[in-house]
Amino acid sequence: MAFLEINNVSKKFGATEAVSDFNLQIEKGELVSFLGPSGCGKTTTLRMVAGFEMPTDGRIVMDGKDITDMPPNQRDVGMVFQSYALFPNMTVAGNIGFGLKVMKKSADETQQRVSEMLSLINMPEYAHRYPYQLSGGQQQRVALARALALRPDVLLLDEPLSALDAKIRVSLRAEIRAIQQKLGITAIYVTHDQEEALSLSDRVVVMNVGKMEQVGTPFEIYNFPTTAFVASFVGTLNTVKAEVVDPDRKLLRIDGVQLETADELTGRKKGDKLTVAIRPERLNFVSVEKKANVLDCTIENITFLGSIVRVQVQVGSNHFHMDTFNNPFLELPTIGAKDQVTCSKEAVLVLTN
Amino acid sequence: MKIKNIWAWIILIIGLIYFFLPLLATFEFSLRMIKDRYTFEAYRVAFTDAQFYLNFGYSFLWAILTIIISLLLVVPTAYWVHWRMRKMRPWVEFVTLMPFVVPAVVLVFGMSRLYGGGLKLFGTPILVLTGTPILLLAGYVILSLPYMFRAVDTGLRAIDVRTLTEAALSLGAGWGTILTRVIFPNLRTAILSGVFLTFAIVMGEFTFASLLYWPAFGPYMEEIGAMRAYTPQALSVVSFALTWGSIGLMQWIGRGSVQEVAAVH
């Protein structure tokens, strides 16, 4: 039995179904991210686990106990909010110790735990500062310490880094992951930032219009997206319509050019239409003569993205992006030139819907 | 730029004259109780009158009670409206505007009629409240509603009520703790604004106290005004000083809070 179970949970707001038949089992110590665009239901699901929203259907079970109808202040859950939500009238120490005082812990224990938490977030000298005297990143670290001070069974993080600038975001997400692993706490992390979800999660749940699209490790989600939505939402992806030529030999056709895939085409028959996806970094210019998976193309555009150079090519009526690592000696093609691109059969992903 | 500055000064001076000249005239008149001399005799007379202390004391008592009732009524209501019923906010705001729409004299007659035996069950009057200060206090609470609600509402708008409440809930806090340790302290300035405005209104209120026959500072001033020439002017100045003192106190207590709120958001 998993530590946290979200079983067939749905949530309706009037006629709108915000979350539909959500099922997820989370193991103890696991960090699971809910990833999706705005309005996909990820925050609503998190809020149902926190107890701020009641599911219309389904049950939530934590450590074998059904907490579906339990008020939020009786659940053993800590929460970190996007807007920090520090109490402006309390110092950093006051904020971190708030939950402990509510739980009527002794002054010594509260003091000790507050010190522990301040050390954990590397802010021991900030105990007597007020929230308005801290930067956004510091405020969020205090909010994390406050949520962890009660040693909750589950930590919920609702887009905690969205309000911070890019550099702080990267360092703080590493810090959050390190703290989560150090304490071995079960955590759910809501984000719309795919890089964030992929970099710090044990598993990622990709959501769209209230439904789970795919659940998997970051590696699985990125490399083997099963739906067109996941393929398009996570990373940059070239998706094209293809036609099955020979299901047994796993051959497809795109604009008259034959492509081989490593994916199974079980249940497909010749002439079936489907969508295939190829990651930009899996495409290369043909340097040695190759017979399979070679596509004639025209160079359309070249974009410099720092460590990566993105080349846009036209293949028949389709437009593909091709990523190559930047280096000072890179020979870039000329816009308008004719060339050939290729990819391995493993790079040609067949999407299920 | 310079011409613009000159105009700004001219307008300011006209404004100051408009507001302060009548007050200065009142003050000057209050000092002329003894012929050909400026003295504080009128103030001495006012402050040696036992009736002054009695009526002032009653008004003070009514003000304190009104403040307590208003706070207990308005703060949880405004908080709940912000936390759970945001769509109801315009309606609640509309209700609080009642004293601006219905004159005090109409309110007091309506209340006297309804709670003075007008409310009957099987022909027997119930809830007869005339003769108790409940009607007076209820009237004062209604009078203070627009000021108290607006002050608290403004304070609640400045903080993220929903997230702060949820943060406190996730830390195990109950409603009592949330209100007393999270919401009230962060509404300190807003609540104090409402408190001092209510205080100033009740201290000078005339209609309710007069028509419900309760001793208060307003009717006392009116009575003195009918009998004496200089003492009422002195009391007017005292009344102004009291109001300004309240506002000054409000400003002093609220100092720095704008900076804090701005930094938090």
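**Naming the features of a predicted two-chain model**

Author: Lys250(A) lies in the loop between strand S11 (238-246) and S12 of chain A. The model discussed here is predicted.

Reader: What makes Lys250(A) count as partly exposed?

Author: Lys250(A) has 19 C-beta neighbours inside 10 Å. A residue is buried at 20 or more and exposed at 12 or fewer; Lys250(A) therefore falls in between and counts as partly exposed. Lys250(A) also has a positive phi of about 60° although it is not a glycine.

Reader: Why is Asn122(A) called exposed?

Author: For Asn122(A), 11 other C-beta atoms lie within 10 Å. The cut-off for an exposed residue is 12 or fewer, and Asn122(A) is therefore exposed. This residue is found in the loop between helix H3 (107-120) and helix H4 (136-149) of chain A. Its phi is positive, about 60°, although Asn122(A) is not a glycine.

Reader: How do you know that S12(A) and S13(A) pair?

Author: Strand S12 (residues 251-254) and strand S13 (residues 257-260) of chain A are joined by 4 bridges and run antiparallel. Pairing requires at least two bridges; S12(A) and S13(A) therefore qualify as paired strands. Leu251(A) has Glu260(A) as its bridge partner in S13(A). The hairpin of these strands has 2 residues between them, and Asp255(A) there takes a positive phi near 45°.

Reader: What makes S15(A) and S19(A) a pair?

Author: S15(A) and strand S19 (residues 338-342) of chain A are linked in the antiparallel sense over 2 bridges. The requirement is at least two, and the two strands therefore pair. Asn284(A) stands opposite Thr342(A) in S19(A).

Reader: Why are S15(A) and S18(A) called edge strands?

Author: The open sheet is formed by 5 strands of chain A in the order S15-S19-S16-S17-S18, with antiparallel pairing. Strand S15 (284-285) and strand S18 (318-325) each pair on one side only, and these are the edge strands.

Reader: What makes H2(B) and H13(B) roughly perpendicular?

Author: Helix H2 (residues 41-48) of chain B packs against H13(B) at an angle of about 80°, with the axes 8 Å apart. That angle lies in the range of 65 to 115 degrees, and the two helices are therefore roughly perpendicular to each other. Ala42(B), Tyr43(B), Val45(B) and Ala46(B) of H2(B) make the contact with Thr231(B), Gln233(B), Ala234(B) and Leu235(B) of H13(B). Here the classes are 6 nonpolar, 2 polar and no charged residues.

Reader: Which elements give two or more residues to the side of chain A that touches chain B, and how many residues are in contact?

Author: In this interface, 20 residues of chain A are in contact with 19 residues of chain B. Strand S6 (77-80) and helix H2 (92-102) of chain A are the elements that give two or more residues to that side. By class, the side of chain A has 15 nonpolar, 5 polar and no charged residues.

Technical notes
Residues are numbered from 1 along each chain as its sequence is written. Chains are lettered from A and ligands numbered from 1 in the order in which they are written. This is a predicted model: local features need pLDDT of at least 70, side-chain atom pairs count only at pLDDT 80 or more; totals for chains, interfaces and linings use all residues. Two residues are in contact if their C-beta atoms, placed from the backbone, lie within 7 Å. Ala, Val, Leu, Ile, Met, Phe, Trp, Tyr, Cys and Pro count as nonpolar, Asp, Glu, Lys and Arg as charged, and the others, Gly among them, as polar. Axes are lines fitted to C-alpha atoms, for helices over the stretch in contact, and angles run from 0 to 180 degrees between N-to-C directions. Angles under 35 degrees count as roughly parallel, over 145 as roughly antiparallel, 65 to 115 as roughly perpendicular and the rest as oblique.
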